[in-house]
Amino acid sequence: MRPILELLEKQGGAIWSLSPDDSVYQALEMLAECNVGALMVLQGDKLVGIFSERDYTRKIALEGRSSRETQVRDIMTSQVLTVGPKSSTDDCMALMSQKKIRHLPVVDGAKVLGMVSIRDLMDDIIKDREQTITQLQNYITS
């Protein structure tokens, strides 16, 4: 399988992030605007957490807290698993499945390169498998 960096490059290199000081409401607006399920939380250039729809539903909606008055830092997931740019898509998928996570930041040392979702990985794996099937069918019929 190809390195995860190739998948990030195909996505265009967008790094959607917010600050731990932003309100949860601002984070929800950004999730909707970017049409994603999670955002990286950066303090300057440093990855300090992830904010996801799950964080919102479990820590705001179910607890009756105010999204306008609560800061992202108060509910974000701060124990973040990351992978390096040379990690394979298969390894990333295995890690996400094992740890039951849906989003995985890609970092090179301390530099944040982007984030992939389980959907990104599934789409890439399916495309790769379809290409393999097509090549095998062409080989058999030629």
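Predicted model: local features only at pLDDT ≥ 70, side-chain atom pairs only at ≥ 80, totals over all residues.

Me: Why is Asn 35 called exposed?

Reply: The relative accessible area of Asn 35 is 69%. The label exposed needs over 50%. Therefore Asn 35 counts as exposed. Asn 35 lies in the loop between helix H2 (24-34) and strand S2 (38-43).

Me: What makes the phi of Asn 35 worth a remark?

Reply: Phi of Asn 35 is near 55°, a positive value, and the residue is not a glycine. Most residues other than glycine have a negative phi.

Me: How do you know that Lys 100 is exposed?

Reply: Again, set the value against the cut-off. Lys 100 has a relative accessible area of 67%, and exposed means over 50%. So Lys 100 is exposed. Its phi is positive, about 55°, although Lys 100 is not a glycine. Lys 100 sits in the loop between helix H4 (89-99) and strand S4 (103-108).

Me: Why is H1 called roughly perpendicular to H5?

Reply: Helix H1 (residues 4-11) and helix H5 (residues 118-141) have axes that cross at roughly 105°. Angles of 65 to 115 degrees count as roughly perpendicular. So H1 is roughly perpendicular to H5. The two axes come within 11 Å.

Me: Which residues of H1 and H5 meet?

Reply: From H1 come Ile 4, Leu 7, Lys 10 and Gln 11. From H5 come Asp 120, Leu 121, Asp 124 and Lys 127. By class, this contact has three nonpolar, one polar and four charged residues.

Me: What makes S2 mostly covered?

Reply: Five of the six residues in S2 are buried. Buried means under 20% relative accessible area.

Me: How do you know that strand S1 and S2 pair?

Reply: Pairing takes at least two bridges. Strand S1 (residues 17-18) and S2 have two bridges, so they pair, in the parallel sense. Ser 17 stands opposite Met 40 in S2. The chain goes from S1 through H2 to S2, a β-α-β crossover that is right-handed.

Me: What makes S2 and strand S3 a pair?

Reply: Six bridges join S2 to strand S3 (residues 46-52). The cut-off is at least two, so S2 and S3 pair. These strands run antiparallel. Leu 42 has Leu 47 in S3 as its bridge partner. The hairpin of S2 and S3 has two residues between the strands, and Gly 44 takes a positive phi near 70° there.

Terms used: Residues numbered from 1 in each chain as written. Heavy atoms only, no water. Helix = DSSP H or I, 4+ residues; strand = E, 2+ residues; numbered from the N terminus. Buried < 20%, exposed > 50% of the residue type's maximum accessible area, 1.4 Å probe, protein only. Axes fitted to C-alpha atoms, helices over the stretch in contact; angles between N-to-C directions. Parallel < 35°, antiparallel > 145°, perpendicular 65-115°, else oblique. Contact = heavy atoms within 4.5 Å. Nonpolar A, V, L, I, M, F, W, Y, C, P; charged D, E, K, R; others polar. Right-handed = clockwise from strand over helix to strand, strands pointing away.
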